[in-house]
Amino acid sequence: MRCVTGRLMLLDTASLYFRAYFGVPDSVRAPDGTPVNAVRGLLDFIDRLVKDHRPGHLVACMDADWRPAWRVELIPSYKAHRVAVERPAGPDEEEVPDTLSPQVPVIEEVLDALGIARVGVPEYEADDVIGTYTARAGGPVDIVTGDRDLYQLVDDARGVRVLYPVKGVGTLQLTDEAFLREKYGVDGAGYADLALLRGDPSDGLPGVPGIGEKTAAKLLAQFGDLAGVLAAADDPAAKLTPTQRRRLHEARPYLAVAPKVVRVADDVPLPDVDTALPRTPRDPASLGELTARWGLGGSLERLLATLAS
């Protein structure tokens, strides 16, 4: 990874284009009638983000593998309910709306023609790419995502915060440690422990039965972290109810593997790409062809003007 010392903005790209798809009417179409609401919506998102936050570097992080085999091996239910097609020789196919799937390659081509760094790494999710860039950054980091899992990366001391879209990207929830403590009773590092204790049905993570978010937060406040909670379960003098102690003991097999599944990787082999925010398009000819074919119009013009400024 090249040295990044200015403000780095990391996009959880799939999270944002899903939001664009559902937030922009599918009446937004290319000249041939193909829906391009996710494409244009994402370009509008990026334009607003760059205008409002002025990053020096920007990376569109991609899911090269949205359900890595190494996570599934540890917890087979991981994202199992989202599988549309199982592929023994490669990543399973995720269930995606019919009119969104064809827009993803267009998004990738447009980002490449603009010169916006687009990074996905085989066998890893976008979250892991984001986690690795964050770990290696030499300056402040803004993570833009609609996925609360990435709250675990929030770190005030290093200037790492999450910008969580509440409505489009015009209204962003700025998530720092103060927000996490007020909302969940934990800091960034504690959020992963909270999440794995609580579980997450949207990701197929069972959690510890009977331990919801409030109880998980209380246990972490009392015993510090997951290791402290498990030590308390083994300590007859620790202030746990008999039911909590029993449930923690019964969940030991899950709790032994859940941290590796829930915590984002920070050691992904990142490619050597230029993450600097482009001022001019990398491939103007290709961008012109894409604009004409897909009718990107004002969305692309506004983003180009913002990048140039």
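**Close-up views of a predicted model**

**View 1. The contact of helices α8 and α9.** Leu219, Leu220 and Phe223 in α8 are in contact (heavy atoms within 4.5 Å) with Leu226, Gly228, Val229 and Ala232 in α9. By class, this contact has six nonpolar residues, one polar and no charged ones, where Ala, Val, Leu, Ile, Met, Phe, Trp, Tyr, Cys and Pro count as nonpolar, Asp, Glu, Lys and Arg as charged, and the others, Gly among them, as polar. This is a predicted model, in which local features need pLDDT of at least 70 and side-chain atom pairs count only at pLDDT 80 or more, while totals for chains, interfaces and linings use all residues. Residues are numbered from 1 along each chain as its sequence is written, and side-chain values use heavy atoms, with hydrogens and water left out.

**View 2. The six-stranded open sheet.** The strands (DSSP runs of E, at least two residues, numbered from the N terminus) follow the order β5-β2-β1-β6-β7-β8 with mixed pairing, where two strands pair if DSSP finds at least two bridges between them. Because β5 (117–119) and β8 (171–175) stand at the edges, each with a single partner strand, one side of each is left without a neighbour in the sheet. Strand β7 (residues 160–167) pairs with β8 in the antiparallel sense over five bridges, and valine 162 has threonine 175 in β8 as its bridge partner.

**View 3. The surroundings of leucine 10.** Leaving aside neighbours within four places in sequence, leucine 10 is in contact with residues including Val59, Cys61, Ile130, Tyr133 and Ile143.

Conventions
Helix = DSSP H or I, 4+ residues; strand = E, 2+ residues; numbered from the N terminus.
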